[in-house]
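Have the viewer open while you read.

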Amino acid sequence: MTPTPQPDLILYNAEQLVTVDPARMTPDNPLGVIPKGALVIKDGCITALGGTCDFDLPDTTNTIDCTGQILLPGLIDSHTHPVFAGDRSDEFEKRLQGTSYLAIAQAGGGIKKTVAATRKASELELYISAKRRLETMLSFGVTTVETKSGYGLDSNSEEKSLRVLQKLKRELPQTVCVTYMGAHDIPIEYKDHPDSYVDLLCHDQLPKIAEQKLADFCDVFCETGYFSVAQSRRILETARTLGMKLKIHAEEFTDLGGAQLAGELGAVSADHLLHISDDSIQAMKQGGTVATLLPGTAFYLKLPHYAPARKLLDAGIPVALATDFNPGSCMSENIQLIMTLACLNMNMTPAEVIQGVTLNGAKALDLHHDRGSLEVGKRADLACFNASSYNELLYHFGVNHLTSVYIQGRPISF
Ligand code: NIG
Ligand code: FE
């Protein structure tokens, strides 16, 4: 008989072990919580979990008492833009005086302003600032993060941004997913012939990026004044042919039809969706596309309404939540704050919100096979919070509840 392997670590007495395991979910226990829970880790994976009283705790192994804390799957921020130089605090002030985000962009600010600063910045400068931002995200409990390029918009600057992300992917303890977003805006030099820029992306940039394996995903800002549905389709279809997975920024300011396109192309996620139509909801459902909602953006831009989270949930679409961390529409790395905003402004329940930053965040990155919930065989990526229940994470807002974080069973120190 094979002897039972010695565990590397046992965490026990967690006030709530919030498994987010669909097999444990019931209407009365929507996150499959195990009270006074324990979890056993071996070789970076979860090998057992249950009530603490069901385990004989050996004194020989590393055991950690989690009294006063709750244990969640490591949080997943499935939409961020951390590679940029400069800042847009001047635009923040203009917006406070009543100028809209789109009006500022049309006057030459917005993404274009950040592109100018990012093109000038060295790879090292971009690396240092992006690293600091990803470390801040980790300090809030984010163990998997999606990161986009998109402030370079020419071959050299986009590749520079992607190389920064690839270096961070190798060096940082958390998982860094990399998305190419050369279609974040039409660069100034192509303003009078945007289709030529789309040609450049499809015939030059995308093939080069695919060949160098610089990105896992391709994303497009499909919006009035940015990329049309037809242009977005060309870019995303080319990316798909080159083996990239697809994402899209859709229906943030207008109902252009990007979400419909996402469903049709089988995109992994469509993000923002403030103005999504009922038909597009059905298209997303058919395409198996995850809805990634970014309430920090509506909050920060003082928009009159938020994405229709309840409609999407009622349609049976998995809803992920993310920060959209970026210098213009949401300058915050704090996913815990975003979680409270989702409860207050999109009428999501605390359980739906937690699922949005764990299992559904993993679905938005096509990583749910090995993370996003606490189940035997999954990665031991864990976030421990100082709280007696998961409700408290959302109720007590604006502070960082994190006490410790584990990635593949290894405690991470800050
Ligand atoms: O997701 N919508 C497009 N991109 C970002 C904003 C980027 C910026 O303003 O710098 C977003 O909101
Ligand atoms: Fe975004």
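Histidine 81 is buried, at a relative accessible area of 2% (buried means under 20% relative accessible area, exposed over 50%, partly exposed in between, with a 1.4 Å probe and protein chains only). Histidine 249 is buried as well, at 3%.

A word on the ground rules: this is a predicted model, where local features need pLDDT of at least 70, side-chain atom pairs count only at pLDDT 80 or more, and totals for chains, interfaces and linings use all residues. Residues are numbered from 1 along each chain as its sequence is written, chains are lettered from A and ligands numbered from 1 in the order in which they are written, and side-chain values use heavy atoms, with hydrogens and water left out.

Histidine 81 sits in the loop between β6 and α1 and histidine 249 in strand β10, so the pair ties together parts 168 residues apart in sequence.

| Element | Residues |
|---|---|
| β6 | 75–77 |
| α1 | 89–96 |
| β10 | 245–250 |

Now for α12 (residues 335–346): nine of its twelve residues are buried, so this helix is largely enclosed by the rest of the structure. Among the buried ones are Ile335, Leu341 and Met346. Just after α12, asparagine 347 takes a positive phi of about 55°.

Conventions. Helix = DSSP H or I, 4+ residues; strand = E, 2+ residues; numbered from the N terminus.
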